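Reader: I am new to this structure. Could you show me how to read its main features, step by step?

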Amino acid sequence: MVATGGLVTLAVSGVASLFMAWAIGAGSSGSTPFAPAVGANAISVMRAGFLVGILGLLGATLQGANVTEAVGTELVGGVELSAVAATIALLLAAALVAVGIFTGYPIATAFTVTGAVVGVGMAMGGDPAWGKYTEIAALWIGTPFIGGGVAYAVARLLRADSVAESTAIPALGGVIGVVLANIQFVFFAPGSQQGSFADALSSRFGGGTLTYAVAVLLLAVAVWGLLSYQVRRDPDRAQRQFLLALGGLVAFSAGGSQVGLALGPLVPLLGDFDIPLTLVLVGGGFGLLVGSWTGAPRMIKAISQDYAALGPNRSIAALIPSFALAQTAVFFGIPVSFNQIIVSAIIGSGFAARDGTGEVSASKIGYTVFAWVASLAGALGLGYALFSLTTLV
């Protein structure tokens, strides 16, 4: 039987986790996925906040396990976070994210949570997990260059006179189909395992590399064909639908990644309680949903208007690498900031404007990068200091 004290500490940590989920929903996962679509006047701010909440809940439930377990158990070696440590890490990270929400600057959530968890873990006497840090650093450093670079290239492609939009948009849809075929879901595999559409279809026909490749190709061709048909009927409508579909995919991916930042510190505390991880993911996803519905509109406006004035084509260019990078992070269980992903992509696609309409704000970029670095360093230092103080009381 679990002691009453253990239930109380779990409850306190759970409340801190829900607060963090709300802050994430109001900030990165709630504001960034549809920001380019809002900037392109394809959807209203309030409707974007509503949809991103629903899709984030689904992503958290179906894809949240990898990042949740990584944040909870793989950032520090040799120790498990105590209830006090988890609560300090969650409250500290949420407070820093809340500062970003109310000041209009997108604090990188993954930076604050990772820094806070590593800080309290080191204060407990834990060992640095250098292997995991290398993976995280590679993705964090590479994201601005990959996301911004791909967004720039796609935006230039869509603006090129030599490539018809009726050809480019379906082709890009086919690329999205390839990514979709390889995304891991719990309902494509037995038990708690995960599998992709290509895995499931390939296994029904004997498995093997060839059948897997055929399954991927089938989905890619299906998406390409659908978009080709829509572009022939109504190019403007097809462009808008593609943009909104990309926003929805990014919102789903945001839920799968960002819920782990809120729930990860709770994982070591669940060992003495018979609570399924899926149930915890649903609770975290609900926290994201409430945050998206109540706090996201302010940040959606800030991101969609303050960084670059994007049209539909450059918005599509921003969302394609954002979706791919988000799913890469989910697959490898790496905590990643959606603010960093989407802002880098928006900047890259904004620079693609040859007529100066991108209106990329250099000062806003500089302040944002400073906020990212400061949030990581501040969370790590404060996490270490605050937990150390609790041992002296």
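Predicted model: local features only at pLDDT ≥ 70, side-chain atom pairs only at ≥ 80, totals over all residues.

Reader: Which residues does F242 touch, not counting residues up to four places away in sequence?

Author: Contacts are read from heavy atoms within 4.5 Å. For F242, the list is I169, L172, G173, I176, L227 and I316.

Reader: Where does S257 lie, and is S257 buried or exposed?

Author: S257 lies in helix 12. Buried means under 20% relative accessible area. S257 has 0%, so it is buried. Now look at its surroundings. Beyond its neighbours within four places in sequence, S257 is in contact with V67, V330, I334, V336 and F338.

Reader: How do I read a salt bridge? How many does a search of the whole structure find?

Author: Look for a side-chain nitrogen of Lys or Arg within 4 Å of a carboxyl oxygen of Asp or Glu. The search of the whole structure finds two. In one of them, the side chains of K132 and E74 meet, at 3.2 Å from N to O. This pair links distant parts of the chain, 58 residues apart. K132 is in helix 8 (residues 130–159), while E74 is in the loop between helix 5 (65–73) and strand 1 (76–77).

Reader: Which residue forms a salt bridge with K132 at 3.4 Å?

Author: That is E135, with 3.4 Å between the closest N and O atoms. E135 and K132 both lie in helix 8. They are three residues apart, about one turn of the helix. Salt bridges that share partners join E74, K132 and E135 into one network.

Reader: Why does K132 count as buried?

Author: Compare its accessibility with the 20% limit. K132 counts as buried because its relative accessibility is 10%. Its partners read otherwise. E74 has 36% relative accessibility, so it counts as partly exposed. E135 has 38%, so it also counts as partly exposed.

Reader: What about the surface? Which residues make the nonpolar surface patch?

Author: F50, L51, I54, L58 and W293 make it, over about 430 Å². Helix 4 (residues 45–63) gives the most to the patch, with four residues. F50 lies in this helix. F50 has 44% relative accessibility, so it counts as partly exposed.

Reader: One last point, on confidence. What is the mean pLDDT of the protein chain, and which element has the lowest mean?

Author: Here pLDDT is the predictor's confidence in each residue, from 0 to 100. The mean for the protein chain is 83, and 89% of its residues reach 70 or more. Among the elements, helix 2 (residues 28–31) has the lowest mean, 68. Helix 11 (residues 209–233) has the highest, 93.

Methods. Residues numbered from 1 in each chain as written. Heavy atoms only, no water. Helix = DSSP H or I, 4+ residues; strand = E, 2+ residues; numbered from the N terminus. Patch = residues over 30% accessible without salt bridge, like charges linked within 9 Å, V, L, I, M, F, W, Y side chains within 5 Å. Areas by Shrake-Rupley, 256 points an atom, 1.4 Å probe, with all protein chains shown as cover. Buried < 20%, exposed > 50% of the residue type's maximum accessible area, 1.4 Å probe, protein only.
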